[in-house]
Every structure is written in structure tokens, then in C-alpha cells.
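Hi,

Here is the structure I said I would pass on to you. Have a look at it first, and then read on for what turned up.

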Amino acid sequence: MLAPPGAGKGTQADRLAARYGIEHIATGEMLRAEVAATSDIGREAESYLARGDLVPDELLLDLVARRVLAAVAANGYVLDGFPRTLDQAEAAHQMVANLDGVALQAALHLKVGTDELRSRLRARAASEGRQDDIDGTIEHRLDVFHTQTEPLLEYYRSRGILHVIDGERHPDEVTDEIMALLESLGLT
Ligand code: AMP
């Protein structure tokens, strides 16, 4: 699930996980849990999250790989918020490269205009109180998406697995489109 902050990837990934009985692996959630638990990783990651910067790969890749491998052994997974850089895309590929019959099958880009993202994130700040949903940090996170994550769209497009979904519609319509797409790809 490749999408800027506020596009609805958490909501949609939750629904996919529930519908198909797969793991929802959300790196932002995992990192916030580490921060809340004041673990070593959490203490190191905290300032990156607060600024809206990406945390360094060495703090994150092992955590993600463990979750991915456990999910592979079960029913599969949907990645929400990972990969966010070309290096991470390569790491995501490597995590499962040696496992027979396992591959990243679809990259879903939820596309939402910047003004709509801003207003959704401000609304989320009010409802969820996330520390990184404040104005200056919102702008920085949108910028980080643009500079570091957007190049992944081309990476997956050139591999023939990118699917662009209009994320500005009602969440139920977005879910319907994603599920229809996955079914048409024979992934369900
Ligand atoms: P999210 O909940 O996906 O919006 O992520 C919240 C924050 O967690 C981001 O702004 C980053 O600081 C950090 N984060 C989440 N996923 C990653 C990732 N794949 N790589 C680096 N940092 C991440």
C-alpha cells in the first residue's frame, strides 16, 4: 500500500487484513508502539517520528522482516507504510526472495490530492491526537512522501505491479475497488 499520509492506507489495509485473513503490517503503528514502550528502538525512533522524518533502516528492517516472515508462514500480509524508499523496496524484496512461491504481488497507490490530505490530517489531529499531525510536521511528511516515496511508484510501475486507486472517494467505494482489483488479479 503506497500512499501519502492521510490517504487512508491504514483504514484500507485493516479491511483487507480482516477480509482475507492476512496480517496487517503497519510500520508507523509498530514504531509508535516501540516509542510507547520506551524500548531501545523506541527511544531512538522517537525524534524522527516527532519531526515526520523517516527512521533509519537499521532501526526498522529487522522488526519488519520478523513480522513478514511470520505472516508468510501463516496466510500472507498487507504492508502499510513500508516500503517508503527505494532501498526499503529492495529490502522488502530480499525478505522473501529466497522463499519459494512468495513474492510481492501488487503495489496499490491510493491517490489523494494534497489539499484533501491536509484537511484529513488536520481532522485526524483533532480525533486521534497524533503528535505528527500538527501543521508544520504535516507539510514535512507530505514533502518526505514526495521526495523519498514517490519514486517507488515508477519502480513498481516498471515491474508491472502498480495499481493506482482514486482514494478521494468514500472509504467503502475505495475498499470495493481494491477488492475487485485483487479478485481480478486472482490474488484472493
Ligand atoms: P505512518 O503511521 O505510516 O504515517 O508513519 C508514521 C511515522 O513513522 C513516519 O512519519 C516515520 O517517522 C515512521 N515510519 C513509518 N514507516 C516507516 C518506514 N517504512 N521507514 C521509515 N520510517 C517510517
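**Around the ligand**

Threonine 27 places a polar side-chain atom 2.8 Å from a nitrogen atom of the ligand. A polar contact here is a pair of N or O atoms within 3.5 Å; within protein, one must be able to donate a hydrogen and the other to accept it, and residues adjacent in sequence count only if both atoms are side-chain atoms.

Before going further, a word on the basis: this is a predicted model, in which local features need pLDDT of at least 70 and side-chain atom pairs count only at pLDDT 80 or more, while totals for chains, interfaces and linings use all residues. Residues are numbered from 1 along each chain as its sequence is written, and side-chain values use heavy atoms, with hydrogens and water left out.

Arginine 84 has a polar side-chain atom 2.9 Å from a ligand nitrogen atom, and for glutamine 88 the distance from a polar side-chain atom to a nitrogen atom of the ligand is 2.9 Å. On its own the ligand has 480 Å² of accessible area, and the protein covers 96% of that (Shrake-Rupley method with a 1.4 Å probe; for residues, only the protein chains shown count as cover).

How many residues surround the ligand? There are 18, and Thr27, Asp53, Gly81, Arg84 and Gln88 are the closest (near means that a heavy atom of the residue lies within 4 Å of the molecule or strand). The ligand takes up the space of the largest pocket. For pockets, a 1 Å grid is laid over the protein atoms alone: a cavity is a set of points where a 1.4 Å probe fits but cannot get out, a pocket is an open set with protein on both sides within 12 Å along at least five of seven lines, and lining residues have an atom within 4 Å of a point. A molecule sits in one of these if more than half of its atoms lie within 2 Å of its grid points.

Of the elements, α2 gives the most, with 4 residues. Helices (H or I, at least four residues) and strands (E, at least two) are DSSP runs, numbered from the N terminus.

Strand β1 (residues 23–26) pairs with β2 in the parallel sense, over 4 bridges; pairing requires at least two DSSP bridges between two strands. Within this pair, alanine 26 stands opposite aspartate 80 in β2. Strand β2 (residues 77–80) is covered on both faces, with Tyr77 and Leu79 buried on one side and Val78 and Asp80 buried on the other. Buried means under 20% relative accessible area, exposed over 50%, and partly exposed in between (1.4 Å probe, protein chains only).

Glycine 81 lies in the loop between β2 and α5 (86–97), and it counts as buried because its relative accessibility is 6%.

**A few other places to look**

- Threonine 38 lies in the loop between α2 and α3. Its phi is near 45°, a positive value in a residue other than glycine, and its relative accessible area of 47% makes it partly exposed.
- Serine 47 is in helix α3 and is partly exposed, at 37% relative accessibility.
- Glutamine 148 belongs to helix α7 (residues 135–149). The C-alpha atoms of glutamine 148 and arginine 84 are separated by 6.8 Å, although the two are 64 residues apart along the chain.
- Alanine 123 sits in helix α6 (residues 114–128), and at 45% relative accessible area it is partly exposed.

Best wishes
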